[in-house]
Amino acid sequence: MRALLATLALGALACALATAAPGAQVHAANTKTVKVGDDFFSKGKVTVKKDDRVKWTWGEGTKHKHTVTEEHGRWTSKEKKTGTYRHKFGKTGTFNVYCATHPLDMKMKVVVEK
Ligand SMILES: [Cu+2]
């Protein structure tokens, strides 16, 4: 009996999940990648949809430390030579991004559309 109840409960849950938001516009979140090198971002502009992510990847053999910093300082990566930094864009708009160590050479834009 217990097993039957569990099965029924699971079935009900599966139905609830399957029927959630019928016809709603479902946008599967994407991630776009930008390389960080000495001293550049591989893209000057990246266009994404709201709730997408951008992932910055420091290139192998990067000799200088770089950051990925939003122009108003709302978010920033650490200053580093390796690894990645990811940011989710929850609002539409144009976001200017630069490297805090090389602000004149390393600039880019992230355009977030609806
Ligand atoms: Cu830099």
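## Overview

In this report, helices (H or I, at least four residues) and strands (E, at least two) are DSSP runs, numbered from the N terminus. Val34, for example, lies in strand β1. The structure is a predicted model.

Of the 114 residues in the protein chain, 18% are buried. Among contacts in the chain with a separation of 6 or more, 52% are between residues 24 or more positions apart.

## Confidence

The protein chain has a mean pLDDT of 87, with 78% of its residues at 70 or more. Where pLDDT is low, predicted coordinates should not be read in detail.

## The four-stranded sheet

An open sheet is formed by four strands in the order β2-β1-β4-β6, with mixed pairing. Strands β2 (40-41) and β6 (84-88) are at the edges; each has a single partner strand, so one side of each is left without a neighbour in the sheet. Strand β4, comprising residues 53-58, pairs with β6 in the antiparallel sense through five bridges. Within this pairing, Arg53 has Lys88 of β6 as its bridge partner.

## Pairings of β7

Strand β7 pairs with β5 (residues 69-70) in the antiparallel sense over two bridges. Here the bridge partner of Thr69 is Tyr98 in β7. Strand β7 is also joined to β8 by six bridges, and these two strands run antiparallel. Thr94 is placed opposite Val111 of β8.

Apart from neighbours within four places in sequence, Val36 is in contact with Phe41, Trp56, Thr57, Trp58, Gly59, Thr62, His66 and Val68.

Val34 has 19 C-beta neighbours inside 10 Å and therefore counts as partly exposed, as a residue is buried if 20 or more other C-beta atoms lie within 10 Å of its own. Its contacts, leaving aside neighbours within four places in sequence, are Phe41, Ser42, Lys43, Val46, Val54, Trp56 and Met108. Val34 and Val46 are 12 residues apart along the chain, and their C-alpha atoms are separated by 8.3 Å.

## Backbone features in two loops

The peptide bond from Asp38 to Asp39 is cis, with omega near -15°. Asp39 belongs to the loop between β1 (31-37) and β2.

Asp51 is located in the loop between β3 (45-49) and β4. Although Asp51 is not a glycine, its phi is positive, at about 75°. Asp51 counts as partly exposed because it has 14 C-beta neighbours inside 10 Å.

Terms used: Residues numbered from 1 in each chain as written. Predicted model: local features only at pLDDT ≥ 70, side-chain atom pairs only at ≥ 80, totals over all residues. Pairing = 2+ DSSP bridges. Buried ≥ 20, exposed ≤ 12 C-beta atoms within 10 Å, placed from the backbone. Contact = placed C-beta atoms within 7 Å. pLDDT = per-residue confidence, 0-100.
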